[in-house]
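Let's walk through this model together, one region at a time. Have the viewer open and follow along.

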Amino acid sequence: MSANGGASDNGIEVEGLVREFKKGPRAVDGIDLSVAPGEIYGFLGPNGAGKSTTVHMLTTLLPPTAGSARVAGHDVVTDGAAVRGAIGVALQEAALDPFLSAREHMRLQAGMHGLPREQGRRRGDELIERVGLSDAAERRVGGYSGGMKRRLDLALALVHEPRILFLDEPTTGLDVQSRTALWNEVARLSAEEGTTVFLTTQYLEEADVLASRVGIIDIGRIVAEGSPEALKAEIGRPTVEAEPVEESDLERMRAVLSRFGEAGPAARGQVAVRLGEGTAELAEVVRALDAEGIGVQNLEIHAPSLDDVFLAKTGRRLEGAGDDDPADEEAASEREAVPA
Amino acid sequence: MIAALADAATAAIGPARTGALTQIGYLARRSVARTVRQPAMIVPSLAFPLFLLAVNSSGLAAATSLPGFPTDSYLTFALGLTFMQGALFATMGAGQSIAQDIQQGFFNRLQLTPLRGPALIVGQLAGVVVLGAVQALTFLLVGLAFGAELEAGLAGALVMLGLSILVAIGFGSLGLALGLRTGNGEAVQGAFPLMFVLLFLSSMALPRDLIENDWFQTVATWNPVSYLIEGFRSLLITGWDGEALALAFGFAFAILALGLWAATATLRTRTERT
């Protein structure tokens, strides 16, 4: 913990952070977390979990109702300007002016950050090239694809060479190719430039691939935190799913498999069991089924995923959790974030 | 390499504070670019007042035969109103522009830079200045081409241009306050009818002393818009009328002061950042 770290601290320290909105529940309900310098921290949760509200507080756009947070060694409430000077932010909306070109956006962003004109121009061109927008640099942003907008948004966040980068759902709505390109750039920033990255996502894969540590948030609270590997190891045991050749063998198959662990939810006509001892038992499972003379149509072993972690902690699946919720509480809370 | 050195220097001496003037420059440039790249914003702001001028000057020409009417050219008389109408579009333009910024998140982007509040307000009004100047020149040239008089001559034209821009900034800053308050382009548009009521309850169609209805005359006398229109009108019809100009510029500055105060206050409420 380096809560008392100096201005050179590139980390994030959060204690008991709370944000309440008028007429609403606590969007963020007492969050503690710490992000080490140079680390990629994945903040994973469904829509409405409180991810964006947390980012808005950590980036000084929204005052917390209670609790405290230090970003780059500065208090987000009492020293907002110093925090803003140290961070780069790409918010969920890819906030761009459709009537300006990429280069004009760069010039404005560099100018607002106080970069001298020539230095700003050089830095802008370099970033535009790095995100692969050189050919489109003079075109108005209104005609850009979603992926191009996100890339420009990321480049803009980097103009003043921030030590900490906040990315709020940077790949939501992007195609696979754009997503991979963005992942590569974020990974490079962390590995080569030592940039600390705080990234929110509702994609398991994104957190798994990119983050060195993951905080899982649900209904304003962190329900689990750790490296993806450690979180999955905590859930521990893999699940084996089997399907008999003859459907009439289903009950016998269930009886055999139950010797190896407790039953889990399975698709119709299948049996799923969480193995008591781990992958090593798989061979014994096969032998046991064979000994009973049960023909096996299909046998699969699933390593635990972050979704299993989410399920274990909340009793719900993360995948698709947001899609079922047309109200989109997060968006609603964002609208309330600023008094109208 | 040089950038890295510069950054090391920046890190050593702390983040450079950007001067408000530099920020105004960058924001003004953007505001003007946004304005001139939206024909949908410019064309109606020119076409609509000119259309009303054409309708009025042909339909109400008979008013010039009223005893005491100051000129025998209703076109000259109506031209003063045309300038005033331009200000309404300035209000809408400035208000909708900032509301769009808020809705699209661009406002947050600016909030995350070392932005100074007054720089945002002044910079945002640059587009209004350009629009106001283009409107004033167009209205004057079209008016003169169709035979309107300009008693105060070339110097008067310059004063009209100055007053136009001042009125546009004043009403533009009111629009900015409205946009900042609501954060919603449609809400800003909703204020348009209100502006028209303000315009219609003024001396827009007749000189105040020729308005026969008592309450109307009283309202028009209390309505500051009357004095703005009469300022423009005096340069067109009378030449140099010190009192009319003093009233027009006085009210224009008062509206500007009110607008800037409102915009600054709403900006502070809107800006929750710590």
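In what sense do β12(A) and strand β13 of chain A pair, and over how many bridges? They pair in the antiparallel sense over 3 bridges, with β13(A) spanning residues 271-275; two strands count as paired if DSSP finds at least two bridges between them. Before going further, a word on ground rules: this is a predicted model, where local features need pLDDT of at least 70, side-chain atom pairs count only at pLDDT 80 or more, and totals for chains, interfaces and linings use all residues. Residues are numbered from 1 along each chain as its sequence is written, while chains are lettered from A and ligands numbered from 1 in the order in which they are written.

Helices here are DSSP runs of H or I with at least four residues, strands are runs of E with at least two, and both are numbered from the N terminus. Within the pair we began with, A:Glu262 stands opposite A:Arg274 of β13(A). Both strands belong to an open sheet of 4 strands in chain A, ordered β12-β13-β11-β14 with antiparallel pairing. At its edges sit β12 (261-263) and β14 (296-302), each pairing on one side only. From one strand to the next, the twist averages 25 degrees. Helix α9 of chain A (residues 250-257) lies across β11 (239-244) and β13, running at about 0 degrees to β13(A); axes are lines fitted to C-alpha atoms, for helices over the stretch in contact, and angles run from 0 to 180 degrees between N-to-C directions.

Now turn to helix α1 of chain A, residues 51-58, where 8 of 8 residues are buried, that is, with 20 or more other C-beta atoms (placed from the backbone) within 10 Å of their own. Among them are A:His56 and A:Leu58. Just after this helix, A:Thr60 takes a positive phi of about 75 degrees.

A:Leu58 is also one of the residues in contact with A:Val71 beyond its neighbours within four places in sequence, along with A:Ile12 and A:Ile164; contact requires C-beta atoms, placed from the backbone, within 7 Å. A:Val71, A:Phe198 and B:Ala168 have the most contacts inside the largest nonpolar core, which has 149 residues. Such a core is a set of buried Ala, Val, Leu, Ile, Met, Phe, Trp, Tyr and Cys residues joined through C-beta atoms within 7 Å. Helix α4 of chain B (residues 74-104) gives the most to this core, with 17 residues.

Chain B itself has 13 helices and 0 strands, and 45% of its 274 residues count as buried.

How values were computed:
Buried ≥ 20, exposed ≤ 12 C-beta atoms within 10 Å, placed from the backbone. Contact = placed C-beta atoms within 7 Å.
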